[in-house]
Each structure stands twice: as C-alpha cells, then as structure tokens.
Amino acid sequence: MRKIAMSLAVIMVLLLPMTAHAATSRTIRIYPSLSFDGTTANCSVIVLADISSDEIEATIKLWQGNNCVATWQEDATGNLVFKKVATVTSGKTYKLTADVTINDVAQPQASVSAKCE
C-alpha cells in the first residue's frame, strides 16, 4: 500500500508543473469610431492583436437602419488601422459595424452608432 501511495505522489508531483503553464487568454481589442462633418461620415476601426504576426481580416459596414450604405474589406498583419468616409443624410442615425477574424477565428462583432446632426 505504501508503494502505491508513493507512486501516486510521484505522479502528482510530475503533473502539477504541467497544469501551471496553462495558456493565457488573448487580448484582442477592436475600436470602431463614427463621427460626422456635415453630411460626411468619418468611419474608422482600429484592431489591435496581441501578436505582431496575427493575420487580421475585417469587413466594415456603415448602416442606416437596415440599409447598408457602404462596405469595405481590409486586411493587415499585427494591427489594422482603417479610415474611410461616406456620404450620409443629415438627421439620420447610422451604425458602423466591424466583423473581424484573426488567424481565421471570428471575433465578436464591434459596433458604434451615432446621429448625423
């Protein structure tokens, strides 16, 4: 019985260091921004991956209600900085969405809404 207990203790000592090196969660940040200059929408999205070799793909859309006003496709490695403009109508509310994949893994959609005054 003592040999079994000793064997189990040795196995536990060998396994403990392995579980201590569990993978940490990735820190990926997606920042959409939408502002207006008259009837020009200033659309921007910044994607910060946590590894400089990460492959980033983004589909960015500007919406007015259920109508897609503009669509852009962008890709980058490490970080993505996107800036485009679109013509909009004063008095309407718009939503900018960013569908991002990093190394072919879809991220939660990021969005921001604002009204063109």
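Biologist: Which residue of β8 is the bridge partner of Y94?

Modeller: Begin with the terms: helices (H or I, at least four residues) and strands (E, at least two) are DSSP runs, numbered from the N terminus. Two strands pair if DSSP finds at least two bridges between them. In the present case, Y94 has A114 in β8 as its bridge partner. This contact belongs to the antiparallel pairing of β6 with strand β8 (residues 110-115), which extends over six bridges. Before we continue, please note that this is a predicted model, in which local features need pLDDT of at least 70 and side-chain atom pairs count only at pLDDT 80 or more, while totals for chains, interfaces and linings use all residues. Residues are numbered from 1 along each chain as its sequence is written, and side-chain values use heavy atoms, with hydrogens and water left out.

Biologist: Over how many bridges do strand β3 and strand β6 pair, and in which sense?

Modeller: Strand β3 (residues 55-64) meets strand β6 (residues 93-102) in the antiparallel sense, with eight bridges.

Biologist: Which residue in the hairpin of β6 and β7 takes a positive phi?

Modeller: The general idea is that most residues other than glycine have a negative phi. The hairpin of β6 and β7 has two residues between the strands, and N103 has a positive phi near 50 degrees. D104, in the loop between β6 and β7, also has a positive phi, near 65 degrees, although D104 is not glycine.

Biologist: Is D104 buried or exposed?

Modeller: Buried means under 20% relative accessible area, exposed over 50%, and partly exposed in between (1.4 Å probe, protein chains only). D104 is exposed because its relative accessible area is 70%. N103, at 34%, is partly exposed.

Biologist: In what order do the three strands of the open sheet lie?

Modeller: The order is β1-β2-β5, and the pairing is antiparallel. At the edges are β1 (29-37) and β5 (79-87), each of which pairs on one side only. Neighbouring strands of this sheet are turned by 10 degrees against each other on average, direction ignored; the axes are lines fitted to C-alpha atoms, for helices over the stretch in contact, and angles run from 0 to 180 degrees between N-to-C directions. Strand β2 (residues 40-48) and β5 share nine bridges in the antiparallel sense, and V45 has F82 in β5 as its bridge partner.

Biologist: How many aromatic pairs does a search of the whole structure find?

Modeller: A pair of aromatic rings is described by the distance of the centres and the angle of the planes. Rings of Phe, Tyr and Trp (its six-membered ring) pair if their centres lie within 6.5 Å; planes under 30 degrees apart count as stacked, over 60 as edge-to-face and the rest as tilted. The search of the whole structure gives two pairs. F36 and Y94 form a tilted pair, 5.9 Å centre to centre with 50 degrees between the planes. This pair links distant parts of the chain, since F36 is in strand β1 and Y94 in strand β6, 58 residues apart. Y94 is buried, as its relative accessible area is 4%, whereas F36 is partly exposed at 22%. W72 and F82 are also tilted, at 5.3 Å centre to centre and 55 degrees between the planes. W72 lies in strand β4 (residues 67-77) and F82 in strand β5, 10 residues apart. Both W72 and F82 are buried.

Biologist: Which residues touch the most other members of the largest nonpolar core?

Modeller: A nonpolar core is a set of buried Ala, Val, Leu, Ile, Met, Phe, Trp, Tyr and Cys residues joined through side-chain atoms within 4.5 Å. Here the largest core has 26 residues, and L62 and W72 touch the most other members. Two or more residues come from each of β1, β2, β3, β4, β5, β6 and β8. β6 gives the largest share, five residues.

Biologist: What is the mean pLDDT of the protein chain?

Modeller: pLDDT is the predictor's confidence in each residue, from 0 to 100. The chain has a mean of 85, and 78% of its residues reach 70 or more. Over residues 4-24 the pLDDT is below 50, and this stretch has zero contacts in the model beyond near neighbours in sequence; contact means heavy atoms within 4.5 Å. Where pLDDT is low, the predicted coordinates should not be read in detail.
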